[in-house]
Amino acid sequence: MSPLPLGRSPEIEGSSLERQIRGIWPRDVRREVLDLLHKIGENEAAREILSTTVERLFRAQRQAEQLFPSYTLPTAVWQLGSILILSVHLLLRQHGIHLSPLEELALWAGQSGAGFIGTYLGMKQLYNLLVEQRRWVRDRWELIKEGLTGQLSKRIEK
Amino acid sequence: MFEDIHTQIIGPLLEACGLEKEDQARLSVIIYQVIIMNLILKILEYLPEEKKREVESMLAKAKDDNEKLKILTDALVDSPQTKKAIESYIQNDLFKFLKEMINAFLKNATPEQEKRFLDLLKNTPSVSHKTP
């Protein structure tokens, strides 16, 4: 089966996964991605998912650098993301997915005390806006899932 | 919302890959970070130019990283454009990214991985709420 007609164009010309990983920062994140890549090994499907994710991360970091050139925005955005992900943490844990301990994420965020709490509350407000989109996400996924299930069933039957 | 994305899409996709639970979790974290980073960038993009300049100037004067993060957080939350930016991100960019990952999987999956993914999709209970 050819890939679904929904996706991305081929890899960015002249780029490679390794080159993009080298461009990732903070350093802890780069190390995590490299370690994961090593562990995934020859699992091509998982490797391609990681590769797609890294490509997006790489692009997002370049975009962040352009938005506020005088500030290390990629790191700041990563920090904010780490705080927002705290809101996701407990939900995922209910499904047996254990993320890094909260303390570790807080360290990533580089925050402590009142500064951290203030930022966390701000991110919680964003999270609440995301929750408002829940129904849209569910309905959209149902449509995609229906098509995907049909395509996969046909391919496997052959 | 993230719960749905995880149980319905990302969870089955990573499980179908056959990764260990711990590696599924680690890859999930990176994926969610990318989603959140892009969401934050989308909101910043939606800021009016004048507000962007104001934020840039405040960042330049900030004393420490805590203050910088506070400036950014306030800019993200206070903007009247935030809700619009979030809608745009979820309804366009997020699904594009999710589809990219599904395609990345399908392009490289073994027949066993594909079958596993199909089984997981079929066994994931529907969460759609079509009633008003």
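## The aromatic pair

Keep in mind that this is a predicted model. Over all chains, the structure has two aromatic pairs. In one of them, the ring centres of Trp136(A) and Phe95(B) sit 5.7 Å apart with the planes at 70 degrees, so we call this pair edge-to-face; the cut-off for that label is over 60 degrees.

This pair crosses between chains. Trp136(A) belongs to helix H7 of chain A (residues 134–157), while Phe95(B) belongs to helix H5 of chain B (residues 82–108).

## Around the two rings

Phe95(B) is buried, because its relative accessible area is 1% and buried means under 20%.

## Ile86(B), in helix H5

Helix H5 of chain B also holds Ile86(B). Ile86(B) has a relative accessible area of 1%, so it counts as buried.

What does Ile86(B) touch, leaving aside its neighbours within four places in sequence? From chain A, the contacts are Leu126(A), Leu129(A), Leu130(A) and Gln133(A). From chain B itself, they are Leu39(B) and Ile43(B). As for Ile40(B), it is 46 residues from Ile86(B) in sequence, yet their C-alpha atoms are 8.7 Å apart in space.

Conventions:
Residues numbered from 1 in each chain as written. Chains lettered and ligands numbered in written order. Predicted model: local features only at pLDDT ≥ 70, side-chain atom pairs only at ≥ 80, totals over all residues. Heavy atoms only, no water. Phe/Tyr/Trp six-rings, centres within 6.5 Å; stacked < 30°, edge-to-face > 60°. Helix = DSSP H or I, 4+ residues; strand = E, 2+ residues; numbered from the N terminus. Buried < 20%, exposed > 50% of the residue type's maximum accessible area, 1.4 Å probe, protein only. Contact = heavy atoms within 4.5 Å.
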